[in-house]
Amino acid sequence: MRIVLLGAPGAGKGTQCKRIVAEYGLLHLSSGDILRQERAAGSELGKKAQSYMDSGALVPDEIIVEMMSGAISKAPQTGFVLDGFPRTVNQATELDKSLACSRQKIDVVLNLKIDDRKVAQRITGRRSCPQCGSVYHIENLKPEVEGICNNDGTRLIKRPDDSAEVVANRLKSYHQQTEPLVDYYKNNNTVYDIDAGRDADEISALLFEKLNTLVKV
Ligand code: AP5
Ligand code: MG
């Protein structure tokens, strides 16, 4: 199964992707997590992406498409779930072209819809594991031990692009460049709109219900 998860910053893409991969045995490919790993490793790619990420702008398409094509080509036969990619219509067309070369396509698009006003509360309280990418919230989704990742015991961090000013720019980029993708996919693929303002467990249950219909086909 090949899934794209769309949604604004803070919509819960990372949170729900972790649950989807655990349930269906897929590979989680988060463009944001891969970029952060490249930055931590001090690679050329990480250096090129740095200023865009810090300001809340999108990293240029050619950098992202090359990076994600490489990651997707190594995915197992069971499939993958894409988190944060594609993010422009151009990225989506490039993805479709490269999948078509191996007679593949995106099976389903899950569109997490959230009000901008909810995004700030979610993002300012987020804490992330720099090691495994697990995501928590200081009020909504707490780790078992404060400040420590449940999964691997790493100390949790606040992402540097989670300041109010950068979040405003990330939302602007989302509305201008990523939202048009919903219509692109509605013309060619199955798209499910999901109310992402709800409780995380309720959202997972809804997503699993949709995905189970595909698994059974
Ligand atoms: P990226 O890392 O993808 O960031 P983003 O899209 O801004 O999304 P977030 O990771 O902030 O939010 P999320 O939807 O994953 O929410 P989460 O589950 O963490 O990208 C970062 C940057 O990289 C971009 O700005 C850009 O520069 C660059 N980039 C990446 N991909 C690119 C691309 N394709 N093209 C160009 N540039 C690219 O949840 C948020 C918080 O809410 C957490 O604290 C969580 O615990 C909590 N929470 C989650 N669900 C719920 C719920 N239902 N109820 C209450 N709390 C919840
Ligand atoms: Mg994320």
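**Entry 1: T88 and its surroundings**

I began with T88 and listed its contacts (heavy atoms within 4.5 Å). Leaving aside neighbours within four places in sequence, T88 is in contact with L58, D61, Q177 and L181. This threonine sits in the loop between strand 3 and helix 5.

Is T88 buried or exposed? T88 counts as buried because its relative accessibility is 9%. The cut-offs I used are under 20% relative accessible area for buried, over 50% for exposed and partly exposed in between, with a 1.4 Å probe and protein chains only.

I also found a polar contact: a polar atom of the T88 side chain lies 3.0 Å from the backbone nitrogen of Q91. A polar contact is a pair of N or O atoms within 3.5 Å; within protein, one must be able to donate a hydrogen and the other to accept it, and residues adjacent in sequence count only if both atoms are side-chain atoms.

A note on the source: this is a predicted model, where local features need pLDDT of at least 70 and side-chain atom pairs count only at pLDDT 80 or more, while totals for chains, interfaces and linings use all residues. Residues are numbered from 1 along each chain as its sequence is written, chains are lettered from A and ligands numbered from 1 in the order in which they are written, and side-chain values use heavy atoms, with hydrogens and water left out.

P86 lies in the loop between strand 3 and helix 5. A cis peptide bond joins F85 to P86, with omega at about -5°.

I then moved on to R103, in the loop between helix 5 and strand 4 (108–113). R103 is not a glycine, yet its phi is positive, at about 50°. R103 counts as exposed because its relative accessible area is 81%.

**Entry 2: the nonpolar cores**

I looked for nonpolar cores, meaning sets of buried Ala, Val, Leu, Ile, Met, Phe, Trp, Tyr and Cys residues joined through side-chain atoms within 4.5 Å. The largest has 28 residues, and M68, I72, F80, L82, L95, I106 and Y185 have the most contacts inside it. Among the elements giving two or more residues to this core are strand 1 (2–7), helix 3 (44–55), strand 3 (80–83) and helix 8 (180–188). Helix 4 gives the most, with six residues.

L95 was worth a click: not counting residues up to four places away in sequence, L95 touches I72, L82, F85, P86, I106 and Y185. There is also a second, separate core of 26 residues, which includes A11, C17, V119 and A196.

A49 is in helix 3. A49 is buried, as its relative accessible area is 0%. Beyond neighbours within four places in sequence, A49 is in contact with L35 and V59.

S173 is in helix 7 (residues 164–178). Its relative accessibility is 7%, so S173 counts as buried. What does the S173 side chain reach? The S173 side chain reaches the backbone oxygen of G56 at 3.0 Å. With neighbours within four places left aside, the contacts of S173 are G56, A57, L58 and T178.

**Entry 3: ligand 1**

How many residues surround ligand 1? I found 35, the closest being T15, A57, R87, R126 and R170; a residue counts if one of its heavy atoms lies within 4 Å.

- A backbone N or O atom of A11 lies 3.3 Å from a ligand 1 oxygen atom.
- A backbone N or O atom of K13 lies 2.9 Å from a ligand 1 oxygen atom.
- A polar side-chain atom of R122 lies 3.3 Å from a ligand 1 nitrogen atom.

Taken alone, ligand 1 exposes 1,000 Å², and the protein buries 96% of that; areas come from the Shrake-Rupley method with a 1.4 Å probe. Helix 2 supplies the largest share of the shell, four residues.
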